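Trainee: Could you walk me through this model before I set anything up with it? I'd like to start with the overall picture and then go into some details.
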Amino acid sequence: MKRVSKPVFFVVLLLILAFTGVVFFGIHTQYGDFTYPIIRGVGDIRWGIDIRGGVDVSFTSPEDYDATDTELDAAKSIVETRLVANNITDYELYIDYGNDKIIVRFPWQAEDEDFDPEEAVKELGETALLTFREGQDGSWEEGGSYEDLPLIISGSDVESATAQYAQKSGSSTEYEYMVALKLKDSGKEKFAEATEKLAKNRGYISTYMDGEAISVAVVNEKISDGEAVISGNFTAEEVQELANKINGGALPFKLETASFSTISPTLGTGARDAMALAGIVAFAFIAIFMIVLYRLPGVVAVIGLIGQVAGTFCAISGFFPFASSLTLTIPGIAGIILAVGMGVDANVIVGERIKEEINSGKTINSAIATGYKRAFTAVFDGNITMIIVAIILMGAFGTPDSLAAMILKPVFFMFGASTEGTIYSFGYTLMVGVILNFLFGIFAARLMTSSLANFKVFRKPALYGAKSAKKIAAEKAAKEGGAV
């Protein structure tokens with residue numbers, strides 16, 4: 001190995017300390033009474049429902065009804081619309097197509113003293129109220145509401161709504177995204193009468209979902225065959241979302257509550273604080289243990305572990321603008337602590353190898369190089385095994401569209417989606433921590449240890465937990481004398 005220069009230790013140390021400081025405290029800017037994060041710190045972490053408190057509920061179709069994937073997509077869109085309408089934007093929403101389930105998690109509204117989670121869940125599962133009305137949203141008289149607009153048809157009159165990319169009306173070369181409506185016989189005549197009247201003045205038809213306008217369309221001609229299109233400047237995502245909402249209003253079944261649970265925010269934050277305190281105490285004991293047993297490599301190991309923990313929080317908080325933040329749960333904190341344990345294990349292996357090499361009579365520089373080389377295989381095997389376990393956990397308990405879930409879909413497809421966000425957080429923090437162990441516990445620690453070995457004051461075997469130089473020389477001499 002090429003000799004590492006003396007200043008390398010101080011450069012790496014300062015980088016780790018500066019990085020740790022920024023990760024934990026972040027960088028914020030102040031505008032009046034509002035604080036905005038430039039770089040998110042630990043204080044900006046999104047805590048999971050098991051910490052913040054909240055509601056965890058699974059909806060399903062009636063036992064005697066087999067919902068299609070399209071119907072489940074539509075039902076999901078309706079639930080999402082209702083969550084947003086109730087100012088609940090920090091939610092988790094997944095579909096388990098295999099078991100006809102919609103899984104919803106949303107945080108406790110701590111600022112609302114009258115928040116009733118059971119009533120909120122009941123509202124989410126109610127059949128959506130979809131109506132098509134004459135006029136534009138807000139065109140009623142002052143003091144009125146959307147119900148004052150003449151009703152044309154309701155969701156029960158819609159047979160299907162399909163997202164399409166089709167030829168634009170009046171053009172032979174242009175195409176656009178649109179929603180194609182197909183009405184039941186019960187809605188054809190009412191729709192024909194309304195469109196005939198509105199087409200004369202290019203009037204509007206507004207679509208309402210639970211009282212919220214979701215689209216407004218201009219009527220150009222009478223539609224008598226029960227087939228119409230809603231066009232506009234839609235993107236592919238927007239047109240699919242609109243189709244899902246319309247289909248949701250025409251769902252032939254009501255969502256039933258398959259499971260329901262709540263957790264108090266007080267209990268959640270208490271458990272978080274207890275685990276955080278346990279982690280800090282455990283880290284302090286680990287630091288003392290490593291320094292007493294391995295001396296100088298122990299000090300370097302502790303610095304590396306600090307960098308590993310900081311790097312894990314960096315991956316959680318959304319430190320980088322291009323990376324979204326992860327919701328941290330109580331099991332996720334356990335994953336951080338377990339990853340630190342793996343880091344300690346790696347440093348113990350390295351420390352023991354260095355001691356063995358020094359005790360065998362090798363120079364300090366040679367012992368460090370050989371010790372890290374011999375330890376790498378054992379550390380790599382242990383860490384790669386843990387990474388595989390973490391990926392399996394993320395695939396089994398993550399969202400169906402997550403990378404790990406898609407990779408492991410051939411294995412887990414028959415089980416359906418469990419989407420236990422708390423367990424996913426555990427797998428994520430464990431995987432990140434173990435990967436960072438290679439960076440800080442092996443690469444950075446090796447640079448720092450090799451750099452310190454170039455200082456005369458740090459070239460004593462005792463500083464590496466080995467026998468003293470005199471004892472090693474005496475044992476070597478005795479061994480050579482015995483051989484003679």
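Trainee: Among contacts between residues at least 6 apart in sequence, what share join residues at least 24 apart?
Mentor: In this predicted model, 70% of the contacts between residues at least 6 apart in sequence join residues that are at least 24 apart. The chain has 484 residues, of which 44% count as buried, and there are 14 helices and 15 strands in it.

Trainee: How many bridges join strand 9 to strand 10?
Mentor: Nine bridges join these two antiparallel strands, and in one of the pairs Ala161 has Leu181 in strand 10 as its bridge partner.

Trainee: Stay with Leu181 for a moment. Is Leu181 buried or exposed?
Mentor: Leu181 counts as buried, because its relative accessibility is 5%, and the cut-off for buried is under 20%. Leu181 belongs to strand 10, which covers residues 175-183.

Trainee: And which residues is Leu181 in contact with, leaving aside its neighbours within four places in sequence?
Mentor: Leu181 is in contact with Phe132, Val158, Ser160, Ala161, Gly226, Glu227, Ala228, Ile230 and Ile246. As a separate distance, the C-alpha atoms of Leu181 and Ala243 are separated by 8.7 Å, although these residues are 62 apart along the chain.

Trainee: What about Glu176, is that one buried or exposed?
Mentor: Glu176 also sits in strand 10, and it counts as buried because its relative accessibility is 12%, against a cut-off of under 20%. Apart from neighbours within four places in sequence, Glu176 is in contact with Gln164, Tyr165, Ala166, Lys168, Ser169, Ser231 and Gly232.

Trainee: How many bridges join strand 11 to strand 12?
Mentor: Six bridges join strand 12 to strand 11, the latter spanning residues 204-209, and the two run antiparallel. Within this pairing, Thr207 stands opposite Ser215 in strand 12.

Trainee: Where is Arg295, and what is its phi?
Mentor: Arg295 is in the loop between helix 7, residues 265-294, and helix 8, and its phi is positive at about 55°, again without the residue being a glycine. With a relative accessible area of 39%, Arg295 is partly exposed.

Trainee: That brings us to helix 8. At roughly what angle do the axes of helix 8 and helix 9 cross?
Mentor: The axes of helix 8, residues 296-317, and helix 9, residues 330-359, come within 10 Å and cross at roughly 150°. The two helices are therefore roughly antiparallel to each other, and their crossing is right-handed.

Trainee: Which residues meet there?
Mentor: From helix 8, Ala301, Leu305, Gln308, Val309, Thr312, Phe313 and Ile316 meet Ile336, Ala339, Val340, Gly343, Val344 and Asn347 of helix 9. By class, this contact has nine nonpolar, four polar and no charged residues.

Trainee: Last one: is Ser425 buried or exposed?
Mentor: Ser425 is buried, with a relative accessible area of 0%, and it lies in helix 13, which covers residues 421-452. Leaving aside neighbours within four places in sequence, Ser425 is in contact with Leu326, Thr327, Leu328, Thr329 and Gly332.

Methods:
Residues are numbered from 1 along each chain as its sequence is written. This is a predicted model: local features need pLDDT of at least 70, side-chain atom pairs count only at pLDDT 80 or more; totals for chains, interfaces and linings use all residues. Side-chain values use heavy atoms; hydrogens and water are left out. Helices (H or I, at least four residues) and strands (E, at least two) are DSSP runs, numbered from the N terminus. Buried means under 20% relative accessible area, exposed over 50%, partly exposed in between (1.4 Å probe, protein chains only). Contact means heavy atoms within 4.5 Å. Axes are lines fitted to C-alpha atoms, for helices over the stretch in contact, and angles run from 0 to 180 degrees between N-to-C directions. Angles under 35 degrees count as roughly parallel, over 145 as roughly antiparallel, 65 to 115 as roughly perpendicular and the rest as oblique. A crossing is left-handed if the near helix is turned anticlockwise from the far one by less than a right angle, and right-handed if clockwise. Ala, Val, Leu, Ile, Met, Phe, Trp, Tyr, Cys and Pro count as nonpolar, Asp, Glu, Lys and Arg as charged, and the others, Gly among them, as polar. Two strands pair if DSSP finds at least two bridges between them.
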